[in-house]
Amino acid sequence: MATAEKLVFPTIVEGLFVRGLSGKVPFSLKEQLRKEGLDLDRPLQPAYSLDTWTRCVALTAKTLHPEQPDPVAWRMLGERMIDGYRDTMVGRALLGVLRLIGPKRMLLRTQHSFRTGNNYTEVRITERGEREADLWLNEPGLLRYFKQGVMLATVRAASGPATQVDVVQFDDDSVTYRVSWGAPGA
């Protein structure tokens, strides 16, 4: 049985590169991204391979945050992607209800939410307390830190600034985060 190619959809690419980094992508980076298969001067493709996406995020992290270690640079891009994703039609709809449903219910919808941006994410949630849960994702390599930033910005949108998302365990193909959030209004 053949394994389906892992794909990233244009809403995520638009969230990061078109909206989140609007005006912040230097010409030299645009040229490098074009060579990797992401041409920001043309309409976005219907999907990008996970390998293409990973290479483009890596180039962008190194170019825009050269002074930061990779995990920090990638996390910063994940947070920036949510800032931009909130300006897309899908992102606006998805993030618009987060405060209403709260972080716990938001975490239970995580697989569905990630599947609006790719075709491969699998999620397992283990509740650790009233305001804490472990979140396992089948996210490979340094993308774990990008998704850490995504989760941090998303849970903050649902619960406020007292949010933490820590990488507690990982291997080559997956990561487990400990997600915690403050009391409502905290």
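Me: A charge sits over a ring if NZ of Lys or CZ of Arg is within 6 Å of the ring centre and within 35 degrees of the ring normal. Which ring has the charged end of K147 over it?

Reply: This is a predicted model, where local features need pLDDT of at least 70, side-chain atom pairs count only at pLDDT 80 or more, and totals for chains, interfaces and linings use all residues. Residues are numbered from 1 along each chain as its sequence is written, and side-chain values use heavy atoms, leaving out hydrogens and water. With a distance of 4.4 Å from the ring centre, K147 has its charged end over the ring of F114.

Me: And R124, which ring face does that one lie over?

Reply: Look for the CZ of R124 at 3.8 Å from a ring centre. The ring belongs to W136.

Me: Which helices do the F17 and W53 pair tie together, and which helix holds F146?

Reply: Helices (H or I, at least four residues) and strands (E, at least two) are DSSP runs, numbered from the N terminus. F17 sits in α1 (residues 10–20) and W53 in α3 (residues 50–64), so their pair ties together parts that are 36 residues apart in sequence. W53 also links to F146, 93 residues apart, so to speak across the chain, and the helix of F146 (residues 143–159) is α8.

Me: Are F17 and W53 buried or exposed, and what about F146?

Reply: Buried is under 20% relative accessible area, exposed over 50% and partly exposed in between (1.4 Å probe, protein chains only). F17 and W53 fall on one side of that scale, both being buried. F146, like W53, is buried.

Me: How are α3 and α4 arranged relative to each other?

Reply: Axes are lines fitted to C-alpha atoms, for helices over the stretch in contact (heavy atoms within 4.5 Å), with angles from 0 to 180 degrees between N-to-C directions. α3 and α4 (residues 70–85) have axes 9 Å apart at about 105 degrees, and the contact includes V57 and A61 of α3 with W74 and L77 of α4. Angles under 35 degrees count as roughly parallel, over 145 as roughly antiparallel, 65 to 115 as roughly perpendicular and the rest as oblique. The two helices are therefore roughly perpendicular.

Me: At what angle do α1 and α4 pack?

Reply: I12 and L16 are among the α1 residues that meet α4, where L77 and M81 take part. The axes are 7 Å apart.

Me: What is the relative accessible area of V165?

Reply: V165 lies in strand β5 (residues 164–170). Beyond its neighbours within four places in sequence, V165 contacts Q148, M151, L152, Y177, R178 and V179. V165 is buried, at 4%.

Me: How far apart are the C-alpha atoms of R131 and V179?

Reply: R131 is in the loop between β3 (123–129) and β4 (132–137), and counts as partly exposed at 30% relative accessibility. R131 and V179 are 48 residues apart in sequence, but in space the separation is 8.2 Å.
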